[in-house]
Amino acid sequence: MFITKKILLVVVFSICSLNALVLNETPVLTKISTSNWKVTFSVDAITDVAVSIVDVSDSTVVRHLAAGVLGGLVPPPLLKDSLRQTIYWDGRNDRGDLYGGNESNLRVRVRAGMTTQLVSLIGGEPYSIGISPTNQFISGIVAASDGSVYVAGQPAEFWHEHYGQTFITVRKFDKNGTYVKTVFPIPSNLSVSSASKWGVVDNGDGSYTPKNLNTSLPILTSTILGYMKHEFNSKLQYIDRDQNIVFGSRNIMKIRPDGTLADDGIAKNLMVTPTFTTSKMQGEANITPLKNGKLLLTGMFNIGGSSWTTTQTAPDTNFYRDGKVFLIDPATGTVSTWLSIDSVPQTATERLAKLGGGAYYSALQGTAVDSIGKVYVCDRLHQRVAVYDSAAQYLGALPISHPHRVQVCGRTGEVYVLTQTQAAWAGGCMNTVKLIKFASVASGGAPLCTLMITSASIGRSGRSATSSIAVNDIDGVVTVWIGVWGQGVRLYRDNGKTFSLIKDMKAVSLAENKLGIENPTPDRLALDQATGHLYFNNSAYNLYKITDWSDPVTRICSTSVNQRLYASDIAIGPNNLMYLFYGNTYNAPVRRFTLDNKHAPANWSNSGKNLLTPYVSSRAAPCSGMRGLAVAQNGDVAIMAITKANRSLYTVGVYPDTGSSDTSWGFVRCSPIPGMSGGVKYDLKGNLYFGAGLRQSTIMAPAQFLSDTGFKWGVGSIIRYDGKDTGSIAGSILGTTATNAAKIYDFPMSPFSADRFGGCLCRSPRFDVDAYGRLFVPDAVTCQVSVGDNSGNMIHRFGKYGNIDSRGSLPGAPLQNVINRSEIPFAWPTAVVTSEDYMYVSDYMNYRIAKIKMVYTADNMPDFSSHPVSIEDNNHWRTPAFSLTSGPIPFSGSTTIGISLPGHANLDFTIYDAKGRLVKRVVNGHFGPGLHHFKWNGKDGNDRTLSAGLYVYRVKAGNHLIVSKTIIVK
């Protein structure tokens, strides 16, 4: 017996304090022949177990023997319907090699009753809104009377080229530009009744999950913020008299500052009479409220067809033609002409020349109203800001080229104009934005000061490249907030004759975001099991890795200073090589690299390079035709991708690794699968798994989601095919069946793009299969992750909806509006990878990665980092080669811990409470031989005074460990 009775008693005590689950019989590893062993153990209830052989000399797992839920349906070699288990081990490790180490170091480890604990959230920095360099714009900035400023952004990673849709994010900042809270996506701490107006699924426990309108991108509301069939159709417009935030164009919707909806969330149609033809809409709506409650609308007009071409016209014969300012009565939806100008160019070519930018600009762009009711209109056709009285009588103008937005300071009467031009060419344009301040119209038109905001090349001309402005006058200080396409938000102080930059939110985001990247949307994940380094890409398919989880630092993966690595999918093989579906273009191959980013020769088709496959369709960001990449233990590579022009036809292909760098690989199997598919994995036995949008009637989802439309459209299952050559993938994978499949798992998985509105099938999830054969499955629709065994039993499901303010139980600084709950928060979990003890989940919509500890209620060989309590005997670790003394015990105020090292070592000294929760890391660094003293004042890592009670020291030096106790008294 390798574990002493004393150890067993202590473990049972620790288990009972958490749950009734107990290991009834000490796990025993018995050698029965030269290379054969027997494992026996028992538990006192039906539970999930994970059994492995561990070499305690270096704390490594030699062999993952079995894992599953005990009962009638268990994965082999577990015995069905038995609480007492006997498993035979052939003495081989996971790679199939005989164990060659010291047999006295072998132990059997049995873990039971998996739960999860949130360890950290990396990323999720709230200033990241608006910093995406492609297809990203700020869709409105408005200032409230109390000095608060609301910013709405539409990130490129949530934009869809076919649907013309994108996802709105609304964030609140204080007058100094300090983040306060996220208004939308909705907070998770609203009441279910008030949240229901957004469109949510009631979880029945006081919580809710937003409904997915469309799983091609996260559209988490049934309001007009989720039906943006045109990029500018749901712009942030103004703050009304009741301090509601008003969104819209033809329809408007009001949001209260707490994130609830005013007017029951019903969008009001502003343009009832005469009828506005939405399918022929062009331009960008700008709505300005008047003192009498009516609204002025500019920038939005009808064209002759559904889209612009160089021969398309904007006819001047219909009521909603360009060149008008419309007066709207919101009570009746009656629209009249408040102002009209003539000779507006009609063709796209003429408009491009005369309006100073893309053909999507209108002749009359932005408007503003000052404190006495004068109306300021950005007249791009006549190159001026024209000023009118409330009856539309012309009062004068400020001559200015290409006015785009205008604001007036109510206290000073000074006029702030944002100008914008675009010089277009094939595939892009130069976007130039300036801020110009005038004293007044009566000043003669001479500007007081001018500031160049940006003059940058952008990848997409016309409608995306918009700018926003808000003037905030609080306590006699005027700040000007500018939002520019691709540049984010900047705050400037008005110094009279100059502007000074107060805050660049893009710079703040890059400085404070632990992911430290633009387009901070972690998408695909891969984990180096040996080092714990996590690799991930973002929505632009740049490749990064995180190497140090105690103080996470994101590193750019590149072969040289000028050659970054791009990947639409990632896998790390058992040979410690990195496989990338390489590139950020529509067609790319799989390439192989070493983990230090050097080429690993593969020589596809005698190319002499590191190519593993031919070029297939990968589809550039934000969509991906590359649906999965996996590497088997023998080096075989499986890919799932589009291989034909038909966007709904995908294949799974397997390329065998011949082990030679000068042999052309063959494509040994290629089978069609449905477009709604995603994720490919191998297990240690060589079985192949992939995900598809099968409509399983037995799917194990929370009951409240089964009738939800988004769930029905976007959720699928995982299919397993056994062995490399035994199970053909060829056949039908439609509806609820998969021909020749060994197993279809009922764990819900999403997002599978639901092609409900036309366009491509873009989004797909990524699951993981660990060394035991357990499945870890993300579900963006339910905001949960499922863990199941290989026979299809659910082991554990965790997660609840939460926006970027939701931090689980983690501290929230520097956020001001942290929502702390015990559940692990997700908004759109799309990918999972696992190590022996941790899960990593990419939360795409919250811009962050969650690191999650797998915690077990019963563990005969606890990991001291999570369960150090009551460990009285360290005999299953190496005999400590160092000593620890502490005193006084108990203590009040402070105590001193002395650690004596015989030589140089990395010293990791941490303190835990009686429930095994980390409260403080005292030190983690390299120390020389001798006695080292550390003083502890009874406070945690956040300098908060701890309550009286038992605390545990865990001190590790190299492979040696000491665990000791102390007590705080008051």
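Which residue stands opposite Arg797 of S57? The first view gives the reply, and further views follow. The model is predicted.

**View 1. Four strands make an open sheet in the order S54-S55-S56-S57.**
Ser786 is the residue opposite Arg797 in S57. Strand S56 covers residues 784–788 and pairs with S57. Four bridges join the two, in the antiparallel sense. The pairing in this sheet is antiparallel. Strands of a sheet pair through backbone hydrogen bonds, which may run parallel or antiparallel.

**View 2. Strand S9 is mostly covered.**
S9 spans residues 169–173, and five of its five residues are buried. Both of its faces are covered. Thr169, Arg171 and Phe173 lie on one side. Val170 and Lys172 lie on the other. Buried here means under 20% relative accessible area.

**View 3. S9 pairs with S8 and with S10.**
Strand S8 (residues 149–154) runs antiparallel to S9, and five bridges join them. Val149 has Phe173 of S9 as its bridge partner. Strand S10 (residues 179–184) also runs antiparallel to S9, with four bridges between the two. Across this second pairing, Lys172 stands opposite Lys181 in S10. S9 and S10 form a hairpin, and five residues separate the two strands. Gly177 sits in the turn, with a positive phi of about 85°.

**View 4. Phe276 and Tyr320 form one of 28 aromatic pairs.**
The two ring centres are 4.9 Å apart. The ring planes meet at 75°, so the pair is edge-to-face. The cut-off for that label is an angle over 60 degrees. Where do the two residues lie? Phe276 is in the loop between strand S16 (268–269) and strand S17 (281–289). Tyr320 is in the loop between strand S18 (295–302) and strand S19 (324–329). The pair therefore ties together parts that are 44 residues apart in sequence. Phe276 has 2% relative accessibility, so Phe276 counts as buried. Tyr320 is buried too, with a relative accessible area of 3%.

**View 5. Phe536 and Tyr544 are a stacked pair.**
Phe536 is buried, with a relative accessible area of 0%. Tyr544 is buried as well, with a value of 3%.

**View 6. Ring pairs build a cluster, and two lysines lie over a tyrosine.**
The cluster links Phe891, Phe909, Phe927, Phe934, Trp936, Tyr951 and Tyr953. Now turn to Tyr838. The charged end of Lys851 sits over the ring of Tyr838, 4.4 Å from its centre. Lys853 also lies over the face of Tyr838, at 4.7 Å from the ring centre.

**View 7. The largest nonpolar core holds 51 residues.**
Which members touch the most other members? They are Ile186, Leu225, Phe247, Ile255, Phe826 and Ile852. Strand S64 (residues 848–859) gives the most to this core, with four residues. A second core is separate and has 23 residues, including Val43, Val51, Ile87 and Val108.

**View 8. Ile889 sits in a loop and is partly exposed.**
The loop runs between strand S65 (883–887) and strand S66 (895–901). Ile889 has 46% relative accessibility, so Ile889 counts as partly exposed. Leaving out residues up to four places away in sequence, Ile889 touches Lys965, Thr966 and Ile967. Ile889 and Ile968 are 79 residues apart along the chain, and their C-alpha atoms are separated by 8.0 Å.

**View 9. The whole protein has five helices and 71 strands.**
Of the 970 residues, 61% are buried. The protein exposes about 34,500 Å². Carbon and sulfur atoms supply 50% of that area. Among contacts with a separation of 6 or more, 57% join residues 24 or more positions apart.

Technical notes:
Residues numbered from 1 in each chain as written. Predicted model: local features only at pLDDT ≥ 70, side-chain atom pairs only at ≥ 80, totals over all residues. Heavy atoms only, no water. Buried < 20%, exposed > 50% of the residue type's maximum accessible area, 1.4 Å probe, protein only. Pairing = 2+ DSSP bridges. Phe/Tyr/Trp six-rings, centres within 6.5 Å; stacked < 30°, edge-to-face > 60°. Lys NZ or Arg CZ within 6 Å of the ring centre and 35° of its normal. Contact = heavy atoms within 4.5 Å. Areas by Shrake-Rupley, 256 points an atom, 1.4 Å probe, with all protein chains shown as cover. Core = buried A, V, L, I, M, F, W, Y, C linked by side-chain atoms within 4.5 Å.
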